[in-house]
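Me: I have a protein model open and I am new to this. Could you show me how to read its features one at a time?

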Amino acid sequence: MLPVRCLALLGAAVPAIAFTLAAPALAQAAPAVDAGQSAPEAGAGQAAQGTDPAAPEEIVVTGNRPIAESEAAALLIQRNSPSLVSVIASDSVGRMPDQNIAQAVSRLPGVSVQRDQGQARYINLRGAPLNWTTLSFDGINVVSPEGRDARFDSIPAAIASQIIVRKAVTPDMSGETIAGNVDIVTRSPFDFRGLHVAAKAGAGYVDLGGGGEYEATLLFSNRFGSDRQFGILISGSYYQRKMATDNFETDWEVVPRDQRPGFEDRVWARETENKLYRLTRANYSTTARLEWQPEGGQRIFATTIYSAFTDNELRNNHIFDMDDQESRVPNSPLACPPPVPAPPAPNTTGYADVCTGNTPFVGTVFGIDNNTNYLSREFVQSVWVNTIGGDHEFGAWKLSWRGNYTRSIDDRSTAGQLNYDSPGFGTNGANAINRVTVGYDLSDPLNAQVALFRTLRAANGQLSAGAPVRQLEDFPLSLTRVRDVDARDTTDAYTARIDLKRDTTLFGDTRFSFGLQYDDREKEVDEYLMGAGTAQIARAGIPTSPSFVTIDGAYKGRLPLGYDFRYFSKTALINIVAQAATVTPKVFQEANYYKVGEQVYSGYAMGLTTFGWGNIIYGARVEHVKNSATAYSQLGLITVDSDFTGVFPSAHINWTPTEEQKVRLSFNTGAARPDYPVLRPNFTFNDANQTISGGNPDARPEKTWGVDLYWEFFPSKGGYMAVGAFYKKARDVLFDDTRQFNSDILNTPGVDRSDYIFSTTVNGGNGEIYGVEGAFQMQLDNVLDDDKWWGGFGLQTNLTLNRSRARTPDGERVRLPGSSDIVWNFGPYYEKYGLSARISYQYRSSWIDSLGEPAVGGDFFWAADEELDASIRYAINRNFEIYFDASNLTDGPGRRFVGVNARTIEFEQFGRRFTGGVRFNY
């Protein structure tokens, strides 16, 4: 028995102001039991069917004890589910400063996140690669704007009634679900007894950049008609923050001309740069749901959900191109003649020359190129989900049907980009005096430093450092390129699904389920580029000095740069872009176009047999997948077709040795299909980021099988403990592979793309991931006999230990991409007398990001990541609550490195955030 003491803790009956889980609703949610399918099959926001006859009749979440009460509601769902799940109920999502779904679920066992600009974006489930986890709304799988690597920061947490993380894959789940599924259960008007209004408004401060933070939500729900069998729900949410970001990045390379003794161990910094951001980011959503629930187990509903993420970015990018004259590096294999250090050889910059005293981490390079880029972009990623469906009971038969249309858009357009370059080096360095000399110190992985000097040139061509220079714009820079990009990736997806269930007395008590599903998805990428070079700039009469766009203003960051710079005016940049557009039309980028279609025909058969000791779920899913990829090549527009058929059996045994314990053993299979951009038969480039990505239409799905064994303990007085182990075997593991492009086939007049960073996806060999995880949730009130003030102290914590390995295409054994050895969440809290306060600490150890060749320093890694958040809220009465949230209190950086920890390739810091406000419920 799971006695959830929500009402008893309150002492008196208080009208529910968050949501109610009642026995009738539980009885409707049988599909959630059969498949682990979520409440959409029974009504969004409703839990799985209760299989424990001793389960409480009702759980009321009032907001007076939000942590304990929503935890109890989540644990009820977890306990009654016949497959392994972790759940967050709506008040848990609202309790912490969670802007998006990724941050909301990041405190669950086995869940780790990857962040961008300090905001949780992607989810790794139990250390598995990103594409092994699928995303669904109310049980319908959804493709995110970026594709199969589901991006969760475009989905505000405010739209969710529950978030169910399914770690055990059942036959009625998509075959591409390998690690698990994150199912966002949206709100239903039948979550409430009648009229319900909820609102939230808050404002705050971001300490890096001094920007503001704002959030608001509004929900209206009501039921009407005879017996209140009709319901309508409308909700909206908005979140925005304005911030700055500290950043430095360094690209590394092995220099073939460096032949001095010890060269085998030297990897040089070919360029170091700062990307200094002024950002305004926002999440917003709207939802509407109309539902009819007459008596007799019938239900018909229609719902629409629109959520969006916007990223308005102004970026100063200052690049010091240290390998600018690499071809001049002395290539003698002999030891350096004395004295050492010595001046650089005539007409060379000192790059990769150990005889000057330079090392890969500390040194001076003379007369190099400084590139300054000003970029304004206004990204929008959106998901529009539309679903119509019904659930019907006909005696022992139950029928569910769904129709869904989803459109995901990744709008990557820029308002404009301006590129300014130093004068050329000149014959034998004759023009080096107009270029910058840079002293660099990269020895601290957390703080890359440069110092700027004038460049002096002797009569024999030997370069040296002159007077120090603080202001970057004091060096000559000239506008060489103006760019404007309109780019949009659009994914249209149609789903039709029907599920049929029949209760029988076979084997005592068995429910058989059968289902058919059809998915038709198409992703199309269009891009138009206006690229004006020096000739067009001159013809349009555009001034070439940065002074025409730069503005006065204090540096908004805290990173010690070693130089001063000026921000640019967005208005001035847009005016120059408009001026360039009068002589340079936008051109369709054939090289960046592709269209990938996918049709999936699937069916499953499954049984759920219940015994006195527990139950067994067993069955299989069959999927036939057809892909068609179209893109431009040197031969024109080409199309590549492929298909495959997969059979995915699974079995789950749930043993209940006592009323407080469950032991779960599961076997499951799946196949993670390559992402849509991987299937395109061409290359695409991004001049703003100096990157090229290549398709691989021959990439094969990653096929896996796995075993899970878990013990769960639900103490009779409340709380939760669990210990589990998991193992998953994979073949044809997909790897992101990164290296320099080293080809001129994509060069165009005035644009050299040969040294861009090239990435693609390739199949490797076999791999495996295994580990253990434990979870503990308890409040002292659960064990105390008396009602004491210290009974409000509680703890929610979990730990996952992973080990993984996979064979790369080159035969090397590495960790699986995205796999951290350690994932730890620690959340002490106090909740009593209307006060709810909590601290949340999250940690994950380093993980591999992508493969890299020795020429760029090795494989790419993310360094260990940690975040500390705090929240406090006080219920003034049953309708009003005040709250204060503090995020990223440790101000930990996001950092990537290549090969070894000392070689940082990217460092970003984002600042602390503080928000306070009020919540209202009626």
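Reply: Gladly! Let us begin with the named elements: helices (H or I, at least four residues) and strands (E, at least two) are DSSP runs, numbered from the N terminus. This is a predicted model, where local features need pLDDT of at least 70 and side-chain atom pairs count only at pLDDT 80 or more, while totals for chains, interfaces and linings use all residues. Residues are numbered from 1 along each chain as its sequence is written, and side-chain values use heavy atoms, with hydrogens and water left out.

Me: Let me try one residue. Where is Arg-402 found?

Reply: Arg-402 is found in strand β16, which covers residues 397-411.

Me: Is Arg-402 buried or exposed?

Reply: Here the general idea is a set of cut-offs: buried means under 20% relative accessible area, exposed over 50%, and partly exposed in between, with a 1.4 Å probe and protein chains only. Arg-402 has a relative accessible area of 7%, so it is buried.

Me: What does the side chain of Arg-402 reach at 3.1 Å?

Reply: We need polar contacts for that. A polar contact is a pair of N or O atoms within 3.5 Å; within protein, one must be able to donate a hydrogen and the other to accept it, and residues adjacent in sequence count only if both atoms are side-chain atoms. The side chain of Arg-402 reaches the backbone oxygen of Gly-390 at 3.1 Å. Arg-402 also has a side-chain polar contact of 3.3 Å with Asp-391.

Me: Which residue does the side chain of Gln-103 join in a polar contact?

Reply: Its partner is the side chain of Asp-869, at 3.4 Å. Gln-103 is found in helix α6 (residues 101-105), and Gln-103 is buried, with a relative accessible area of 5%.

Me: How many residues does helix α4 have, and how many of them are buried?

Reply: A general point about helices comes in handy: an α-helix has 3.6 residues a turn, so residues three or four places apart point the same way. Helix α4 (residues 66-80) has 15 residues and spans 21 Å from its first C-alpha to its last, close to the 21 Å expected at 1.5 Å a residue. That expected span is 1.5 Å times one less than the number of residues. Because 15 of the 15 residues of α4 are buried, this helix is largely enclosed by the rest of the structure.

Me: Now for strands. What order do the strands of the five-stranded open sheet have?

Reply: Two strands pair if DSSP finds at least two bridges between them. The open sheet of five strands runs in the order β3-β8-β9-β6-β7, with mixed pairing. Strands β3 (85-89) and β7 (140-141) stand at the edges with a single partner each, so one side of each has no neighbour in the sheet. Inside this order, β6 (residues 133-137) and β9 (residues 180-186) run parallel and are joined by five bridges. Thr-133 stands opposite Gly-180 in β9.

Me: Do β41 and β42 run parallel or antiparallel?

Reply: They run antiparallel, with three bridges joining β41 to β42 (residues 860-862). Ile-848 stands opposite Phe-861 in β42. Strand β41 (residues 847-852) is mostly covered, as five of its six residues are buried.

Me: How many salt bridges does the structure hold?

Reply: Side chains of opposite charge can pair when their charged atoms come close. A salt bridge is a side-chain nitrogen of Lys or Arg within 4 Å of a carboxyl oxygen of Asp or Glu. The structure holds 56 of them. One of these joins the side chains of Glu-249 and Lys-275 (3.4 Å, N to O). Glu-249 is in strand β12 (residues 230-253) and Lys-275 in strand β13 (residues 268-292), so this pair links distant parts of the chain, 26 residues apart. Glu-249 counts as buried at 10% relative accessibility, and Lys-275 is buried with a relative accessible area of 10%.

Me: Which residue forms a salt bridge with Asp-781?Reply: Lys-832 does, with the closest N and O atoms 3.1 Å apart. Asp-781 lies in the loop between β36 (767-779) and β37 (793-807) and Lys-832 in strand β39 (residues 822-832), so the pair ties together parts that are 51 residues apart in sequence. Asp-781 counts as buried at 6% relative accessibility, and Lys-832 counts as buried at 4%.
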